[in-house]
Amino acid sequence: MGEENELTRIYHIQYVRNSRAITVVWAIFTICFAILNIVAFIQPQWLGYTEKSLNAGYFGLYEVCTILTGGELSCDGDFLDFTTILNDSFRAASMLVGISALLFVLAIICLLLFFFLRASTVLKVCGWLQMLAGICMGIACIVYPSGWDDVKVQAVCGQQAGKYQLGWCEMRWAFILSIVLIFDAFILAILAFFLAAKQADLLPKQQKEKQKTFSNLNYSWGQEDTKEGFINGGFTAESFGRQSNVSSMQQNTSSDQSEVKAVFRSRTSSQGSKQGGSEYGEDIKL
(Lines give C-alpha, C1' and ligand atoms only; values in the text may rest on other atoms or scores of the structure.)
Protein backbone atom coordinates (compact mmCIF):
# COMPACT_ATOMS: atom_id res chain seq x y z
CA MET A 1 0.00 0.00 0.00
CA GLY A 2 2.86 2.37 0.82
CA GLU A 3 4.60 1.71 -2.50
CA GLU A 4 1.35 2.33 -4.37
CA ASN A 5 0.83 5.65 -2.61
CA GLU A 6 4.41 6.69 -3.34
CA LEU A 7 3.99 5.79 -7.02
CA THR A 8 0.76 7.77 -7.17
CA ARG A 9 2.47 10.76 -5.61
CA ILE A 10 5.29 10.62 -8.17
CA TYR A 11 2.85 10.42 -11.05
CA HIS A 12 0.91 13.33 -9.60
CA ILE A 13 4.03 15.50 -9.34
CA GLN A 14 4.92 14.73 -12.98
CA TYR A 15 1.36 15.50 -14.04
CA VAL A 16 1.42 18.90 -12.32
CA ARG A 17 4.80 19.76 -13.85
CA ASN A 18 3.64 18.82 -17.35
CA SER A 19 0.46 20.83 -16.93
CA ARG A 20 2.40 23.89 -15.86
CA ALA A 21 4.87 23.48 -18.73
CA ILE A 22 2.03 23.34 -21.27
CA THR A 23 0.47 26.43 -19.68
CA VAL A 24 3.77 28.30 -20.07
CA VAL A 25 4.02 27.26 -23.74
CA TRP A 26 0.41 28.40 -24.26
CA ALA A 27 1.23 31.79 -22.73
CA ILE A 28 4.29 32.18 -24.99
CA PHE A 29 2.26 31.39 -28.11
CA THR A 30 -0.40 33.86 -26.95
CA ILE A 31 2.22 36.62 -26.82
CA CYS A 32 3.56 35.57 -30.24
CA PHE A 33 0.05 35.66 -31.68
CA ALA A 34 -0.51 39.21 -30.42
CA ILE A 35 2.74 40.36 -32.02
CA LEU A 36 1.91 38.73 -35.37
CA ASN A 37 -1.61 40.12 -35.24
CA ILE A 38 -0.27 43.65 -34.82
CA VAL A 39 2.21 43.09 -37.67
CA ALA A 40 -0.58 41.91 -39.99
CA PHE A 41 -2.65 44.92 -38.96
CA ILE A 42 -0.08 47.59 -39.80
CA GLN A 43 1.51 46.03 -42.88
CA PRO A 44 0.21 47.14 -46.34
CA GLN A 45 0.96 43.72 -47.79
CA TRP A 46 -2.50 42.21 -48.04
CA LEU A 47 -2.84 42.63 -51.80
CA GLY A 48 -0.06 43.40 -54.26
CA TYR A 49 0.90 43.69 -57.88
CA THR A 50 2.38 41.06 -60.18
CA GLU A 51 4.29 41.25 -63.44
CA LYS A 52 0.99 41.51 -65.35
CA SER A 53 -0.39 44.33 -63.22
CA LEU A 54 -0.99 47.75 -64.80
CA ASN A 55 0.89 49.58 -62.05
CA ALA A 56 3.08 48.70 -59.08
CA GLY A 57 1.34 49.01 -55.75
CA TYR A 58 0.30 47.38 -52.49
CA PHE A 59 -2.90 47.43 -50.47
CA GLY A 60 -3.26 46.93 -46.75
CA LEU A 61 -6.20 47.19 -44.43
CA TYR A 62 -6.18 50.98 -44.39
CA GLU A 63 -3.16 51.94 -46.50
CA VAL A 64 -2.63 52.18 -50.26
CA CYS A 65 1.01 52.20 -51.30
CA THR A 66 2.40 52.94 -54.75
CA ILE A 67 5.96 52.51 -55.96
CA LEU A 68 7.33 55.69 -57.46
CA THR A 69 9.76 55.92 -60.36
CA GLY A 70 12.81 56.01 -58.13
CA GLY A 71 11.67 52.90 -56.25
CA GLU A 72 10.37 54.83 -53.28
CA LEU A 73 7.18 53.68 -51.61
CA SER A 74 4.42 56.26 -51.11
CA CYS A 75 1.54 55.22 -48.81
CA ASP A 76 -1.76 56.95 -48.12
CA GLY A 77 -4.32 56.13 -45.46
CA ASP A 78 -4.67 56.45 -41.72
CA PHE A 79 -6.54 54.12 -39.40
CA LEU A 80 -7.52 57.04 -37.16
CA ASP A 81 -9.08 58.86 -40.12
CA PHE A 82 -11.67 56.59 -41.71
CA THR A 83 -12.22 58.98 -44.60
CA THR A 84 -8.78 58.08 -45.93
CA ILE A 85 -9.60 54.36 -46.13
CA LEU A 86 -10.68 53.21 -49.60
CA ASN A 87 -14.12 51.69 -48.95
CA ASP A 88 -16.43 50.27 -46.32
CA SER A 89 -15.07 46.74 -46.72
CA PHE A 90 -11.54 47.89 -45.94
CA ARG A 91 -12.84 49.94 -42.99
CA ALA A 92 -14.72 46.96 -41.54
CA ALA A 93 -11.72 44.66 -42.00
CA SER A 94 -9.47 47.23 -40.32
CA MET A 95 -11.78 47.48 -37.33
CA LEU A 96 -12.12 43.72 -36.96
CA VAL A 97 -8.37 43.02 -37.15
CA GLY A 98 -7.74 45.88 -34.71
CA ILE A 99 -10.29 44.40 -32.28
CA SER A 100 -8.64 40.99 -32.65
CA ALA A 101 -5.24 42.47 -31.75
CA LEU A 102 -6.78 44.33 -28.80
CA LEU A 103 -8.42 41.16 -27.48
CA PHE A 104 -5.12 39.30 -27.53
CA VAL A 105 -3.41 42.18 -25.76
CA LEU A 106 -6.09 41.92 -23.08
CA ALA A 107 -5.44 38.16 -22.89
CA ILE A 108 -1.76 38.90 -22.24
CA ILE A 109 -2.68 41.37 -19.51
CA CYS A 110 -4.99 38.74 -17.97
CA LEU A 111 -1.95 36.49 -17.51
CA LEU A 112 -1.09 38.67 -14.52
CA LEU A 113 -4.27 37.43 -12.86
CA PHE A 114 -2.53 34.08 -12.23
CA PHE A 115 -1.09 35.73 -9.11
CA PHE A 116 -4.52 36.65 -7.74
CA LEU A 117 -7.12 34.19 -9.10
CA ARG A 118 -7.44 30.48 -9.67
CA ALA A 119 -5.63 29.22 -12.76
CA SER A 120 -8.77 27.65 -14.20
CA THR A 121 -10.65 30.97 -14.02
CA VAL A 122 -7.85 32.89 -15.75
CA LEU A 123 -7.54 30.27 -18.49
CA LYS A 124 -11.27 30.38 -19.19
CA VAL A 125 -11.24 34.18 -19.47
CA CYS A 126 -8.25 34.09 -21.82
CA GLY A 127 -9.84 31.29 -23.82
CA TRP A 128 -12.98 33.33 -24.47
CA LEU A 129 -10.91 36.37 -25.45
CA GLN A 130 -8.92 34.25 -27.90
CA MET A 131 -12.08 32.72 -29.31
CA LEU A 132 -13.58 36.15 -29.96
CA ALA A 133 -10.30 37.32 -31.50
CA GLY A 134 -10.30 34.37 -33.89
CA ILE A 135 -13.90 35.11 -34.91
CA CYS A 136 -13.06 38.77 -35.60
CA MET A 137 -10.02 37.80 -37.65
CA GLY A 138 -12.05 35.28 -39.65
CA ILE A 139 -14.78 37.79 -40.44
CA ALA A 140 -12.13 40.35 -41.47
CA CYS A 141 -10.56 37.92 -43.94
CA ILE A 142 -14.01 37.27 -45.43
CA VAL A 143 -15.02 40.93 -45.67
CA TYR A 144 -11.74 42.34 -47.01
CA PRO A 145 -11.91 40.82 -50.54
CA SER A 146 -15.34 42.37 -51.09
CA GLY A 147 -13.61 45.75 -51.45
CA TRP A 148 -11.41 44.73 -54.36
CA ASP A 149 -13.83 46.34 -56.84
CA ASP A 150 -12.58 49.79 -55.84
CA VAL A 151 -11.29 52.07 -58.60
CA LYS A 152 -7.82 52.38 -57.05
CA VAL A 153 -7.54 48.60 -56.78
CA GLN A 154 -8.54 48.21 -60.43
CA ALA A 155 -5.93 50.80 -61.37
CA VAL A 156 -3.29 48.34 -60.19
CA CYS A 157 -4.96 44.95 -60.67
CA GLY A 158 -6.85 45.72 -63.91
CA GLN A 159 -10.52 45.80 -64.76
CA GLN A 160 -10.73 42.07 -64.05
CA ALA A 161 -10.41 42.83 -60.34
CA GLY A 162 -13.69 42.83 -58.47
CA LYS A 163 -15.35 41.48 -55.36
CA TYR A 164 -13.42 38.33 -54.44
CA GLN A 165 -11.62 38.61 -57.80
CA LEU A 166 -7.86 39.21 -57.68
CA GLY A 167 -7.50 40.27 -61.29
CA TRP A 168 -3.81 40.71 -62.10
CA CYS A 169 -2.81 40.99 -58.46
CA GLU A 170 -2.06 38.40 -55.81
CA MET A 171 -2.53 37.92 -52.10
CA ARG A 172 0.52 38.98 -50.13
CA TRP A 173 2.06 37.52 -46.99
CA ALA A 174 0.11 39.68 -44.51
CA PHE A 175 -3.21 38.33 -45.82
CA ILE A 176 -1.92 34.75 -45.71
CA LEU A 177 -0.58 35.34 -42.20
CA SER A 178 -4.00 36.56 -41.08
CA ILE A 179 -5.64 33.39 -42.39
CA VAL A 180 -3.12 31.29 -40.46
CA LEU A 181 -3.76 33.34 -37.32
CA ILE A 182 -7.46 32.40 -37.46
CA PHE A 183 -6.64 28.74 -36.87
CA ASP A 184 -3.95 29.68 -34.38
CA ALA A 185 -6.45 31.67 -32.30
CA PHE A 186 -8.95 28.80 -32.16
CA ILE A 187 -6.22 26.30 -31.27
CA LEU A 188 -5.02 28.51 -28.42
CA ALA A 189 -8.60 28.99 -27.19
CA ILE A 190 -9.30 25.24 -27.21
CA LEU A 191 -6.01 24.60 -25.42
CA ALA A 192 -6.92 27.21 -22.79
CA PHE A 193 -10.28 25.54 -22.11
CA PHE A 194 -8.58 22.12 -21.97
CA LEU A 195 -6.00 23.34 -19.44
CA ALA A 196 -8.75 25.00 -17.39
CA ALA A 197 -10.64 21.70 -17.23
CA LYS A 198 -7.49 19.83 -16.19
CA GLN A 199 -6.74 22.28 -13.37
CA ALA A 200 -9.62 20.76 -11.39
CA ASP A 201 -8.10 17.29 -11.75
CA LEU A 202 -4.64 17.96 -10.35
CA LEU A 203 -5.33 15.94 -7.17
CA PRO A 204 -4.74 12.19 -7.59
CA LYS A 205 -7.91 10.13 -7.94
CA GLN A 206 -6.95 7.80 -5.08
CA GLN A 207 -6.41 10.77 -2.78
CA LYS A 208 -9.81 12.19 -3.74
CA GLU A 209 -11.53 8.86 -3.05
CA LYS A 210 -9.74 8.53 0.28
CA GLN A 211 -10.80 12.01 1.38
CA LYS A 212 -14.37 11.34 0.29
CA THR A 213 -14.43 8.02 2.16
CA PHE A 214 -13.13 9.48 5.41
CA SER A 215 -15.49 12.44 5.12
CA ASN A 216 -18.51 10.15 4.79
CA LEU A 217 -17.22 7.92 7.59
CA ASN A 218 -16.73 10.88 9.92
CA TYR A 219 -20.21 12.17 9.22
CA SER A 220 -21.81 8.77 9.93
CA TRP A 221 -19.82 8.42 13.18
CA GLY A 222 -20.94 11.86 14.31
CA GLN A 223 -24.60 11.19 13.52
CA GLU A 224 -24.62 7.84 15.33
CA ASP A 225 -22.85 9.17 18.40
CA THR A 226 -25.08 12.22 18.62
CA LYS A 227 -28.21 10.07 18.58
CA GLU A 228 -26.88 7.87 21.41
CA GLY A 229 -25.97 10.91 23.50
CA PHE A 230 -22.60 9.45 24.54
CA ILE A 231 -20.33 11.78 22.59
CA ASN A 232 -18.96 15.10 23.85
CA GLY A 233 -18.65 18.37 21.92
CA GLY A 234 -15.24 17.53 20.50
CA PHE A 235 -16.44 14.51 18.52
CA THR A 236 -19.50 15.78 16.66
CA ALA A 237 -19.94 15.46 12.91
CA GLU A 238 -19.18 19.17 12.54
CA SER A 239 -15.78 18.90 14.23
CA PHE A 240 -14.88 15.85 12.18
CA GLY A 241 -15.93 17.68 9.00
CA ARG A 242 -13.45 20.48 9.76
CA GLN A 243 -10.51 18.05 9.66
CA SER A 244 -9.05 18.26 6.15
CA ASN A 245 -5.78 16.46 6.73
CA VAL A 246 -6.35 12.76 6.25
CA SER A 247 -2.95 11.64 7.50
CA SER A 248 -3.25 13.46 10.83
CA MET A 249 -6.72 12.01 11.35
CA GLN A 250 -5.38 8.50 10.87
CA GLN A 251 -2.60 9.09 13.42
CA ASN A 252 -5.03 10.39 16.04
CA THR A 253 -7.59 7.59 15.62
CA SER A 254 -6.17 5.41 18.42
CA SER A 255 -6.09 8.26 20.95
CA ASP A 256 -9.64 9.28 20.00
CA GLN A 257 -10.90 5.76 20.58
CA SER A 258 -9.33 5.61 24.06
CA GLU A 259 -10.99 8.89 25.02
CA VAL A 260 -14.38 7.63 23.79
CA LYS A 261 -13.90 4.43 25.86
CA ALA A 262 -13.19 6.53 28.93
CA VAL A 263 -16.35 8.57 28.38
CA PHE A 264 -18.44 5.41 27.94
CA ARG A 265 -17.03 3.80 31.07
CA SER A 266 -17.51 6.89 33.24
CA ARG A 267 -21.10 7.37 32.13
CA THR A 268 -21.87 3.68 32.44
CA SER A 269 -20.42 3.61 35.99
CA SER A 270 -22.53 6.59 37.03
CA GLN A 271 -25.68 5.03 35.61
CA GLY A 272 -24.87 1.72 37.31
CA SER A 273 -24.34 3.35 40.72
CA LYS A 274 -27.70 5.08 40.48
CA GLN A 275 -29.49 1.86 39.54
CA GLY A 276 -27.63 -0.17 42.17
CA GLY A 277 -25.83 -2.41 39.69
CA SER A 278 -22.84 -2.50 37.38
CA GLU A 279 -24.04 -4.90 34.69
CA TYR A 280 -24.14 -2.19 32.00
CA GLY A 281 -20.53 -1.17 32.68
CA GLU A 282 -19.36 -4.76 32.19
CA ASP A 283 -21.28 -5.44 28.98
CA ILE A 284 -20.60 -2.29 26.93
CA LYS A 285 -17.52 -2.64 24.67
CA LEU A 286 -16.18 -0.68 21.66
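## Terms and model

Two strands pair if DSSP finds at least two bridges between them. Strands (E, at least two residues) and helices (H or I, at least four) are DSSP runs, numbered from the N terminus.

This is a predicted model: local features need pLDDT of at least 70, side-chain atom pairs count only at pLDDT 80 or more, and totals for chains, interfaces and linings use all residues. Numbering starts from 1 along each chain as its sequence is written, and side-chain values use heavy atoms, with hydrogens and water left out.

## The sheet

Strand S2 (residues 57-59) runs antiparallel to strand S3 (residues 64-67), and 3 bridges join them. Phe59 has Val64 in S3 as its bridge partner.

The open sheet holds 5 strands in the order S4-S3-S2-S1-S5, with antiparallel pairing. Strand S4 (73-76) and strand S5 (169-171) are the edges; each pairs on one side only.

## The core

A nonpolar core is a set of buried Ala, Val, Leu, Ile, Met, Phe, Trp, Tyr and Cys residues joined through side-chain atoms within 4.5 Å. Buried means under 20% relative accessible area, exposed over 50%, partly exposed in between (1.4 Å probe, protein chains only). The largest such core has 49 residues. Phe59 and Tyr144 are among those with the most contacts inside it. H5 gives the most to this core, with 10 residues.

## Around Tyr144 and Ser89

Leaving out residues up to four places away in sequence, Tyr144 touches several residues (heavy atoms within 4.5 Å). Among them are Phe59, Leu61 and Ser89.

Ser89 sits in helix H2. Ser89 is buried, with a relative accessible area of 15%.
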